[in-house]
4 protein chains.
Amino acid sequence: MKTTISYGMVGGDINAFIGKVHRGAIAFEPNTTLVAGCFSRNLEKNLLTAQTYRVPADRTYASYEEMADQESLRPDKIDFVVICTPNNTHYAIAKKFLEKGFNVFCEKPMTWEITEAEELERMAREKDLLFGVAYAYSGYHMVKFAKMLVDEGKLGKIINVNGEYPQEWLIDELSETISKTAKFSGWRADPKVSGISNCTGDIGTHIEHTVSYITGLRVKRLCARTDYFQNDLDLNSNVLLELSNGASGVFWSSQVAIGHMNGLRVRIYGTLGSLEWIQEQPEQLKFTPRGEAPQLYYRGAGYVGGRAAELSRIPGGHIEGHYEAFANMYKTYMTALLKKANGEPLTENDLDFPNATDGVEGVKFLHAVINSGKNDSKWVTV
Amino acid sequence: MKTTISYGMVGGDINAFIGKVHRGAIAFEPNTTLVAGCFSRNLEKNLLTAQTYRVPADRTYASYEEMADQESLRPDKIDFVVICTPNNTHYAIAKKFLEKGFNVFCEKPMTWEITEAEELERMAREKDLLFGVAYAYSGYHMVKFAKMLVDEGKLGKIINVNGEYPQEWLIDELSETISKTAKFSGWRADPKVSGISNCTGDIGTHIEHTVSYITGLRVKRLCARTDYFQNDLDLNSNVLLELSNGASGVFWSSQVAIGHMNGLRVRIYGTLGSLEWIQEQPEQLKFTPRGEAPQLYYRGAGYVGGRAAELSRIPGGHIEGHYEAFANMYKTYMTALLKKANGEPLTENDLDFPNATDGVEGVKFLHAVINSGKNDSKWVTV
Amino acid sequence: MKTTISYGMVGGDINAFIGKVHRGAIAFEPNTTLVAGCFSRNLEKNLLTAQTYRVPADRTYASYEEMADQESLRPDKIDFVVICTPNNTHYAIAKKFLEKGFNVFCEKPMTWEITEAEELERMAREKDLLFGVAYAYSGYHMVKFAKMLVDEGKLGKIINVNGEYPQEWLIDELSETISKTAKFSGWRADPKVSGISNCTGDIGTHIEHTVSYITGLRVKRLCARTDYFQNDLDLNSNVLLELSNGASGVFWSSQVAIGHMNGLRVRIYGTLGSLEWIQEQPEQLKFTPRGEAPQLYYRGAGYVGGRAAELSRIPGGHIEGHYEAFANMYKTYMTALLKKANGEPLTENDLDFPNATDGVEGVKFLHAVINSGKNDSKWVTV
Amino acid sequence: MKTTISYGMVGGDINAFIGKVHRGAIAFEPNTTLVAGCFSRNLEKNLLTAQTYRVPADRTYASYEEMADQESLRPDKIDFVVICTPNNTHYAIAKKFLEKGFNVFCEKPMTWEITEAEELERMAREKDLLFGVAYAYSGYHMVKFAKMLVDEGKLGKIINVNGEYPQEWLIDELSETISKTAKFSGWRADPKVSGISNCTGDIGTHIEHTVSYITGLRVKRLCARTDYFQNDLDLNSNVLLELSNGASGVFWSSQVAIGHMNGLRVRIYGTLGSLEWIQEQPEQLKFTPRGEAPQLYYRGAGYVGGRAAELSRIPGGHIEGHYEAFANMYKTYMTALLKKANGEPLTENDLDFPNATDGVEGVKFLHAVINSGKNDSKWVTV
């Protein structure tokens with residue numbers, strides 16, 4: 001019986017924070033090892049990262065193509081590959097690894113174009129490979145508890161949603177206040193690397209996924225105002241929308257909202273109850289049943305069961321944060337890999353990680369928002 | 001020199017909570033007396049209210065017309081009239097009292113139709129009468145402090161606003177859950193009395209006014225989804241909007257949002273700072289200067305000056321609430337009346353109460369939201 | 001049947017904030033009139049206050065003795081007197097008015113010495129007069145709801161209490177930082193006027209009363225550290241204590257705790273549940289039943305009944321603050337006066353205002369804390 | 001140059017949550033490996049744990065004595081040992097490993113008796129070994145930022161502290177409510193294993209350490225009420241205390257405080273400012289400078305520097321929790337080990353982990369509290 005997992009990584013050199021988060025999250029499971037990688041196109045960075053993480057030299061690859069080719073020939077080939085490169089490369093890398101028969105875990109947004117995402121989704125399905133997309137916020141225990149409350153009918157029919165994700169870190173990009181040359185030069189601001197969107201793609205899609213995960217509903221149509229402030233990509237976006245069941249809502253995401261570090265918040269209103277989850281206080285979920293007092297649920301409490309309880313590592317009140325949410329996502333994904341390898345059937349809980357279908361929806365949402373914003377905020381179908 | 005004020009009231013019988021709030025708020029000033037009224041079309045209620053408030057029998061009127069006519073003939077006529085009747089009567093009553101030369105303080109929404117509101121505004125201006133509209137939330141000290149911060153340039157250019165006003169009290173109106181006959185039968189739900197809107201008119205306009213008061217900006221255009229849930233009037237409304245300076249934003253108001261008592265909240269984001277005010281914690285204002293830590297300002301603290309300090313009654317931390325916000329609005333209005341009567345010039349601060357122009361804007365906003373909602377959420381100019 | 005109330009006031013001239021609060025709170029009831037007063041020993045201030053509040057000249061008295069004597073001879077004598085003078089005068093004034101047969105409502109601390117308080121309590125009982133003491137925080141709706149939860153057994157046996165009342169307004173008194181001459185010179189800092197304590201007497205007693213009101217328990221014994229910082233009276237006080245049922249607890253009060261405006265907070269822990277009330281968010285009560293999620297109760301919600309509901313003036317979420325808490329206390333007291341005058345029996349709810357017994361307990365508590373603090377923090381019986 | 005670290009563990013079998021936290025925290029550093037262990041006296045659990053963590057069979061020991069002896073003979077001996085066994089064994093195990101020349105990282109409380117802790121402290125110093133004690137809360141970024149503010153003089157002279165650590169998880173131990181046999185039977189409740197205290201030893205010492213870490217002050221004397229509720233060990237403890245600089249304060253810890261998961265909170269008040277840190281919202285620190293508005297500082301913000309910034313792993317607003325605080329403690333400790341091994345001098349920051357002296361203070365504090373509680377709450381010197 002297979003009990004251990006080895007994986008490889010494309011991107012995520014030693015200076016990239018999100019690569020560290022992926023590796024750290026996977027390391028929460030003691031049966032995992034990072035054994036292969038192409039961490040950077042820069043040779044030196046690639047080697048340094050490999051050395052730091054004790055990846056063998058012969059499995060430190062100069063290109064992702066070489067990595068996929070070589071690994072596919074090994075008897076001890078990696079069980080899956082993590083892709084955490086800039087947005088414009090996700091499609092080609094994921095496609096290559098799928099072609100070579102590897103399971104894939106990819107950063108979001110999944111691809112640049114909708115058709116690309118759909119193609120990857122189809123490939124993974126046809127080849128029976130597990131494809132994960134790093135929407136880590138649905139890995140939080142209390143987001144899972146929120147979903148459970150909705151699934152159990154505690155909210156009744158959902159009638160309104162309110163999601164937001166304000167950050168302040170790009171405030172200096174506003175052209176009124178600083179010169180063009182002094183601006184943020186990371187790849188996220190470069191349309192050639194980042195794609196058609198900065199704010200909506202980077203964080204707006206997290207709202208979309210988190211709401212979709214909790215409610216089981218999709219965004220059906222929307223109209224959006226996207227603010228560029230003379231930059232190439234959006235920095236602020238307000239979206240009015242209709243969900244698949246007819247419910248209304250608004251999503252607001254911003255990278256120029258002073259006073260907010262990482263303010264993802266979703267509020268879901270139904271005919272029988274409502275709930276609120278705030279990412280910066282992730283261990284708490286506010287739930288109000290109709291006609292009763294608001295209740296504050298906490299991870300680890302006896303009254304919190306289901307997936308939220310199964311995935312708890314430490315007693316309630318001892319905070320599990322961003323790494324642990326990532327770790328929940330990976331633990332589920334890797335457990336499914338092992339079960340699959342061992343011929344065990346996969347339950348719904350085994351598949352409780354963000355997948356290629358979620359990835360496709362994210363790309364569609366993002367395109368719809370940007371399209372509406374560029375067309376005088378007209379209504380568009382997602 | 002005139003030092004005392006007498007006033008009359010139309011509507012606000014002894015069972016109407018808002019009438020009590022008006023009277024209680026005015027009574028904070030020791031130099032005021034309620035001396036006349038037509039509190040109800042129901043004779044018994046009218047007399048009982050008059051008796052309770054010790055209004056003389058000869059100034060307790062059976063109709064507002066009689067009241068306006070008779071009072072106008074008295075040498076000791078009232079200094080102003082408070083109108084707190086259902087929406088459909090504001091226009092006629094206000095017009096009558098303006099015609100007879102009285103200053104007016106009217107509940108919101110100011111009128112049913114935009115043209116009516118504009119007519120009243122024009123009449124008040126032409127007759128040089130003071131016309132107040134009961135947008136009480138701008139009476140709160142920390143809303144005034146917020147305005148001061150904006151006026152002083154502490155927020156820079158405003159780029160995004162986020163306003164909301166969720167309540168839960170009409171949740172039982174949702175047709176999925178109760179029978180039509182069991183529904184709320186108050187006048188607010190009756191289009192013949194309430195006008196074209198319930199939710200947006202009753203509370204959505206408070207968002208619009210509060211944001212407008214703080215920022216000095218008006219809503220220029222908007223598109224809206226208004227949810228009726230098989231009722232005659234809206235119960236939930238999401239609005240995507242553009243302000244007069246080009247800033248974006250969303251306003252959400254709801255009477256069916258479980259978990260919220262009276263959740264008015266406004267957040268204003270600028271290029272140099274942001275602020276947040278939450279009506280249910282009215283004594284606090286969160287202000288974040290760019291690049292600095294969020295700061296929590298409290299009424300009564302030494303660092304809070306201006307109008308917020310002038311209007312403070314008790315030391316900080318001893319909560320001043322809804323009555324006191326109303327009282328601030330009336331204190332300002334009545335001080336202006338006295339100054340005017342005594343021939344003193346009126347300063348900007350003297351006129352710091354919601355006026356007929358604000359009332360007109362509210363009616364325009366409300367019509368725009370309902371029109372958009374009824375026309376497939378298309379964009380409309382306010 | 002008597003339906004209206006007239007009252008007089010000793011102290012509370014037009015510049016004294018607490019006098020205004022008493023008058024404003026009483027004015028919430030439309031059947032009340034201020035008709036007599038000796039507002040200040042300063043003739044000018046006395047007259048100005050009388051004039052502002054339209055108190056007749058012949059009932060504006062130069063001394064409280066004259067006021068008590070003269071009023072007692074009038075057929076339309078006042079129904080009760082409010083005493084809001086500095087601490088050192090409460091005893092003599094209250095005694096004089098009780099001797100002349102008047103009901104009394106007195107500021108806290110009730111007296112200087114324990115024996116004085118006990119004497120007033122005895123006099124009021126023997127003469128069958130209603131004696132109120134202005135512990136206004138127990139007038140808050142949600143404090144009453146807290147008491148109801150305890151009375152209903154929802155907390156089980158109380159095992160621990162935690163009360164605090166930090167303020168920052170006297171921070172400049174700390175001798176390290178400013179010169180003696182620049183210090184606060186109000187009467188509260190003067191032992192000849194204030195009595196043996198500043199901090200504990202002014203605010204510590206509010207903790208004691210609020211806990212006692214909610215739980216029905218008294219402080220049995222305590223030890224205390226009282227910090228003077230080279231001032232004549234205490235500015236900070238930490239008290240370890242045992243309640244009458246054996247429960248443990250700590251009370252902390254401070255006037256030099258930077259960051260706090262008026263931070264009264266009480267937390268009560270029992271074998272079946274706990275509750276928390278925070279004065280600066282007075283409309284909320286946190287209640288946690290054993291084994292369940294914490295619940296947030298709000299004034300005005302359908303699930304909040306009893307006295308909290310009876311005394312509500314406006315819909316939940318529209319904040320009722322300090323004035324309204326005072327008004328609740330007075331409404332109860334004055335309703336009891338009317339019922340008594342009309343020969344109606346008084347129920348427990350009718351007597352739900354802080355009384356002379358509460359006043360005595362407050363003076364005892366205060367003496368115990370100061371005594372312990374002056375005697376190397378030894379344990380003393382209250 | 002030494003660049004990697006190997007370590008062993010005593011205790012912490014696969015079912016023990018805290019063992020997992022230690023291992024997970026160490027694993028945040030990619031240059032570390034668990035290579036030896038005696039995880040349980042139960043052979044089966046010991047082997048299973050070793051297998052799960054891929055510890056070689058020949059370094060999986062049946063006893064800690066054997067482990068210390070054998071490891072000391074190996075050329076590739078472990079760099080340090082983690083001790084996470086029940087309290088009564090810490091002393092003997094730590095002593096054995098120190099004798100064999102190993103660096104030690106030990107769970108708290110450090111030992112059973114004060115003299116034992118002092119002996120270990122002395123041994124470590126004399127043998128020049130690094131001894132860490134697992135007071136993980138001082139590993140939190142914002143606790144380090146708090147310390148920095150104090151060190152920079154931003155609080156002035158500290159005059160009052162208020163610490164608390166309420167939990168609810170042992171509420172069922174209260175003898176009023178359940179039978180003796182149904183009670184919690186973990187080792188923490190057994191005096192033969194746990195020592196003289198449950199509540200104060202397990203969590204009260206965390207208050208003591210966190211306050212001491214931030215302020216640099218020690219508890220000088222105290223008096224305490226400790227509540228046993230007919231159990232062998234304390235479940236609730238209120239402590240009145242004096243710090244080494246004369247400041248006053250109270251510490252409250254409880255395992256029977258309904259409504260609290262893990263409510264460690266410390267508030268420090270000085271002559272120039274105050275601060276508040278709440279463990280359940282670890283990324284925020286409230287700081288109020290005298291005369292200014294309270295400010296909310298967040299890990300990861302540009303205005304948060306020093307150790308808090310150095311130890312940040314991910315952008316602000318992405319929550320770092322309990323594992324990460326542990327990881328900060330270990331990262332510092334292991335960096336010091338490497339520097340020492342490589343002959344580099346150790347700076348103050350290198351030694352910024354809880355050490356043997358902190359461990360001794362914790363044991364002293366705990367004894368003082370229990371002694372006072374058992375002696376009619378008399379004052380005792382720590």
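Modeller: Two residues are taken to be in contact if their C-beta atoms, placed from the backbone, lie within 7 Å. The model is a predicted one. By that criterion, chain A contributes 30 residues to its contact with chain D, and chain D likewise contributes 30 residues. On the chain A side, two elements give two or more residues each, namely helix H1 (17–27) and helix H10 (322–341) of chain A. H1(A) gives the most, with 5 residues. Sorted by class, the side of chain A that touches chain D holds 14 nonpolar, 11 polar and 5 charged residues.

The packing of H1 and H10 on each other can be described in chain B. There, helix H1 (residues 17–26) and helix H10 (residues 322–341) pack at an angle of about 65°, and their axes are 8 Å apart. The crossing of H1(B) past H10(B) is right-handed. From H1(B), the contact is made by B:Val21, B:His22, B:Gly24, B:Ala25 and B:Ile26. H10(B) meets them with B:His322, B:Tyr323, B:Phe326, B:Ala327 and B:Tyr330. By class, the residues of this helix contact are 7 nonpolar and 3 polar, with no charged ones.

Next comes the sheet, described in chain C. It is an open sheet of 5 strands in the order E2-E1-E3-E4-E5, with parallel pairing. Strand E2 (32–38) and strand E5 (131–133) of chain C are the edge strands, each pairing on one side only. From one strand to the next the twist averages 20°. Helix H10 (residues 322–341) of chain C packs on this sheet and touches E1, E2, E3, strand E4 (103–106) and E5 of chain C. The direction of H10 makes about 130° with that of E1(C). Within the sheet, strand E1 (residues 5–11) and strand E3 (residues 80–84) of chain C pair in the parallel sense over 5 bridges. In that region C:Gly11 stands opposite C:Cys84 in E3(C).

Chain A also touches chain B, with 33 residues of chain A in contact with 33 residues of chain B. On this side of chain A, at least two residues each are supplied by strand E6 (158–166), strand E7 (219–227), strand E8 (236–243), strand E9 (248–254) and strand E11 (273–278). E9(A) has the largest share, 5 residues. The class division here is 13 nonpolar, 14 polar and 6 charged residues.

As for the division of the chain itself, chain A has domain 1 (5–133) and domain 2 (138–314 + 361–381). The centres of these two domains, taken over C-alpha atoms, are separated by 27 Å. Their contact takes 10 residues from domain 1 of chain A and 12 residues from domain 2 of chain A. The domain 1 side of that contact has 6 nonpolar, 3 polar and 1 charged residues.

Technical notes:
Residues numbered from 1 in each chain as written. Chains lettered and ligands numbered in written order. Predicted model: local features only at pLDDT ≥ 70, side-chain atom pairs only at ≥ 80, totals over all residues. Domains from an automatic or database assignment. Nonpolar A, V, L, I, M, F, W, Y, C, P; charged D, E, K, R; others polar. Helix = DSSP H or I, 4+ residues; strand = E, 2+ residues; numbered from the N terminus. Pairing = 2+ DSSP bridges. Axes fitted to C-alpha atoms, helices over the stretch in contact; angles between N-to-C directions. Left-handed = near helix turned anticlockwise from the far one by under 90°.
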